[in-house]
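Have a look at the picture first.

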Amino acid sequence: MNFPILSSLILLPIVGALFLFFTKDKNGNNLTAKYVALFTTIVNFLISIYLWISFDQTTSSFQFVEERIWIKDFINYKVGVDGISILFILLTTFITPLCIVSVNNSVKNNLRDFLIAILIMESFMIGVFCALDLVVFYLFFEAGLIPMFLIIGIWGGPKRVYSAFKFFLFTLLGSVLMLVAIISIYWISGTTDVIALYELGIDAKYQNLLWLAFFSSFAVKTPMWPVHTWLPDAHVEAPTAGSVLLAAILLKMAGYGFIRFSLGLFPVASEIFTPLVYTLSVIAIIFTSFIALMQEDMKKLIAYSSVAHMGFVTLGIFTLQQQGIEGSIIQMLSHGLVSAALFLCVGVVYDRMHSRLIKSYGGIVTIIPKYSILFMLFTLAALGLPGTFGFVGEFLILMGAFKDNFLVAVIASFGVILGAAYMLWLYKRVVFGKLVNEDLKQMADLNRSEYLILSCLAVPTLFFGFYPEPLFNTIEVSVSDLINMHNLNIASK
Amino acid sequence: MNNLNLVLPEIFISLSVMFLLILGVFKKNSSQLTFNLSLVTILVVIIFTVNETFSINRITLFNESVVIDRLASLMKIITLIGGFLVLGISSSYLKSFKIFKIEYPILILSSVLGMMIMISSNDLMVFYMGLELQSLALYVLATFNRDQLKSSEAGLKYFVLSALSSGLLLYGCSLIYGFSGSTNFDVIANNLTSNEYALTFGIVFILVGLAFKISAVPFHMWAPDVYEGSPTTVTLFFTMVPKIAALTVFVRFLYVPFLNLIDQWQMIIVFLSIASMIFGAIAAIGQTNIKRLVAYSSIGHVGYTLAGLATGSNDGIQSSIIYISIYVIMNLALFSCLLMLKRNEQYYEDIDDLSGLSKNHPLLSLSLLIILFSLAGIPPLAGFFAKFYVFKAVIEQSMYFLAIVGLLSTVIAAFYYLRIIKIIYFDKEKEKYDSDHGIWLKFSLTFSTILILLYFIFPSKLIEVVSRITII
């Protein structure tokens, strides 16, 4: 494999963005720009499918590795994938074209610039998932702030400025400590190459502080309680496509970071800080579920449910059990699909009625039946009904948790019930009930593009709910080797 | 005397200054001619400098009072390029204020000459001479728009406070001379005995004087007023060029004679650095005038540069040099944008004047976006790498406190840069600005923005040049 397939995955969206940059920005419905962006992202998706097919599932070592000297004697540009990261790349390339199809109604002005921002965002996100050098990872991780800040700030709702600032500053504050940690690792170990660091290991006496520095960054991004407050604001104000990207992919960068860096590089510290993560995760699950119950704004409700779901993810990762980590990865993927779909569902009714408040809806089941059916599917997937994708991850996480800590698992299980409560109640209030608001009768059912997007999301949600085997095959070896390496490190210390 | 060709650049500039003065006095309406000739002079000097000195490792001249080394030649070239671009950009601005006079290029040339002498100095006397030459020229430049109250005020303020700091500096020099028996840096280093308190006092006085020149907190009070009052092109000159020279003097002064006293001065530099970073970040938040804001942001950036110097290692010095080079480029870009905010021969410099710029001037706004994110230190732009190298050097010396404070202050600083971006992109649009700008302005903006944006592709080039500079 000499063809730099990962670099082309990273670069292709940027090339598309450059191409768009030199086209003329027409007002109104800018079809050319949309087709260019769509074409680029679909090609990217096909490349990543090819990547998945030619990926060797029997080994946990990094594949398609590219290495180039970037800053001499210091940093190499190094990318590669293993079983854990490849699925996130697929998720990214799968969600982005759907985002682009969905911009029809939500983005009114400067469509071309919006698409450029989304394409650049895609590059950075793919970069995050395949970077094999800490500095390169940090670069992509931070660079993503710029397009997202603009997406929220320019195309967002009425309180967009506040939300954009909060998003940017929270994340930046978390990340600068990670930068200190990365530079420290360079001076401690003499390299920032992840593969080399896996082999070298980091002296146990430094691990605690370094772990905390990385944690501060990932905790903000995940987001974990109590630093989750930026997420509801950002979600509510961002345009639909922005919310989708944020929920489906951006949040996954932190979960991925926990697995790849916190577990991989600092095994001793991860063991020590497990109680901390457990506590925060459980609080996130229970507390934000209650908050979600009380929300009147649909987007806010789903945002809080995201925090709760990510609580499950962090819980699963730090069980340090095969099931727990696999479950977390599956949960992140399913949450990527389902939360994206839910935000799109909210976007659909918002585009028609310009309200996100739950109380302005009710009884729409007879008016827009197609929408109601798909919305129901995703609601059920979000609460983890067996047979949907959402079930697989949650079940495995709880199984891993029961193995490791009974009490935590019991409390977390309540979160599942609460999840069912707020999701079903939301669905009931929006779709069923009496039709009070007369304006709702004018609502049109899903148009072709909306139908297409939601079905695209529904198919994998159901398919992997019944048959998650292909995903497990991909991640199994990598995860079990990660745990073996972890246990080996702990035993030797 | 066979080494005279090594100071050919300085000699050439001084001769040109005299020639241009005579030309300007005797020939009527010769402003444009002097301008062009000055530009040519700087170009020629750049070529001389590259040719004569760039490959020289280290040579001392004139009883070891002047040193030509890699640091000197690189910093001279940056200074000269800075001077060249400022001069080029200036002409249309000066014309619209009707102050397009022969004195302007001559003053710029003489201050550049002063800076070159400072950069090459290996002796307290030579250093002070260069410092005063550049300062005197800068006082006059600050008041160049003499019919405006603010400009005169700026010049006067700068003059009085700067004279005070020069006094302190001279006092420090005399103390050091008294207790080490020489003004030459190398000789001082040999005669040094660390238990002389007077020497420490001397170092402190000189550091105060130098901190004043680069406007590090707590000696920054003059900067916002002077930056705001001076003509914009002069402000641009202030924020870029004298800082390079003063930084070089910092390096020479601290690392040649007083390296052994690092315990004595390291804490001072750390304090200056932390105070500048935090104060620069916080004070900039409330500003409404862009030039004042730039003043505070430049105070912050000086803090980061000093953080590199505080480390006491070659890596630290190199990172500071990289920082200041990238900072110069970012500042050039920012001011080019600022000079483009012109409508009917009137320049606008309030932050609110940027409101909704993205609707009418998408390209200009995009450049500003890139520049501001780079100033805030967000990857993958050049400003990030500047900070990255500095903190890499700082953490190498295990100065974690400095690193963490510095990085946290970048978060605070990010806030006010974001505020400008918010005003440009999220707010209501105003009237259109003129879009017929001079070729100089367009060139410097495009050139510097592209450098900032694409720096990450070839970051090694700058490092290669800088890593050959070893002082210790």
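What percentage of the 493 residues of chain A count as buried? The answer is 59%, where buried takes 20 or more other C-beta atoms within 10 Å of a residue's own, exposed means 12 or fewer, and partly exposed is in between, with C-beta atoms placed from the backbone.

Before going on, some ground rules. This is a predicted model, in which local features need pLDDT of at least 70 and side-chain atom pairs count only at pLDDT 80 or more, while totals for chains, interfaces and linings use all residues. Residues are numbered from 1 along each chain as its sequence is written, and chains are lettered from A and ligands numbered from 1 in the order in which they are written.

**The two chains**

Chain A is built with 19 helices and two strands, and chain B has 19 helices and four strands. Here, helices (H or I, at least four residues) and strands (E, at least two) are DSSP runs, numbered from the N terminus. The table puts some values for each chain next to each other.

| Chain | Residues buried | C-alpha span along principal axes |
|---|---|---|
| Chain A | 59% of 493 residues | about 70 × 55 × 40 Å |
| Chain B | 57% of 472 residues | about 65 × 60 × 40 Å |

How does each chain fit the globule rule? For 493 residues, a compact globule would have a radius of gyration near 23 Å, and the 22 Å of chain A agrees with that. For the 472 residues of chain B, the rule also gives a value near 23 Å, and the chain's 21 Å agrees. The radius is taken over C-alpha atoms, and the rule is 2.2 Å times the number of residues to the power 0.38.

Now for contacts, which means two residues whose C-beta atoms, placed from the backbone, lie within 7 Å. Take the contacts in chain A with a separation of 6 or more: 80% of them are between residues 24 or more positions apart. In chain B, the corresponding share is 78%.

**Helices side by side**

Two packed helices are described by the angle between their axes and the distance between the axes. In chain A, the axes of helix α1 (residues 5-21) and helix α2 (residues 31-53) come within 9 Å and cross at roughly 175°. Axes are lines fitted to C-alpha atoms, for helices over the stretch in contact, and angles run from 0 to 180 degrees between N-to-C directions. That is why α1(A) and α2(A) are roughly antiparallel to each other; angles over 145 degrees get that name, under 35 is roughly parallel, 65 to 115 is roughly perpendicular, and the rest are oblique.

Among the α1(A) residues in this contact are L9(A), L12(A) and F19(A), while α2(A) brings residues including V36(A), V43(A) and I47(A). Sorted by class, the residues of the contact are 12 nonpolar, six polar and no charged. Ala, Val, Leu, Ile, Met, Phe, Trp, Tyr, Cys and Pro count as nonpolar, Asp, Glu, Lys and Arg as charged, and the others, Gly among them, as polar.

Over in chain B, helix α3 (residues 70-96) and helix α13 (residues 314-340) pack at an angle of about 0°, with their axes 12 Å apart. That makes α3(B) roughly parallel to α13(B). Residues in this contact include L85(B) and I89(B) from α3(B), and V328(B) and L332(B) from α13(B). The classes here are seven nonpolar, three polar and no charged.

Helix α14 of chain A covers residues 322-353, and its 32 residues should span 46 Å at 1.5 Å a residue; the end C-alpha atoms are 46 Å apart, which agrees. The expected span is 1.5 Å times one less than the number of residues. Since 27 of the 32 residues are buried, α14(A) is largely enclosed by the rest of the structure. H354(A), with a positive phi near 55°, follows α14(A).

**Where the chains meet**

The contact between chains takes 24 residues from chain A and 23 residues from chain B. On the chain A side, β1 (63-71), α5 (134-143), α6 (145-155) and α7 (160-189) each supply at least two residues. Which element gives the largest share of that side? It is α7(A), with 13 residues. By class, the chain A side has 19 nonpolar, two polar and three charged residues.

W187(A) sits in helix α7 of chain A and touches I395(B) and E396(B), not counting residues up to four places away in sequence. W187(A) counts as exposed because it has 12 C-beta neighbours inside 10 Å.
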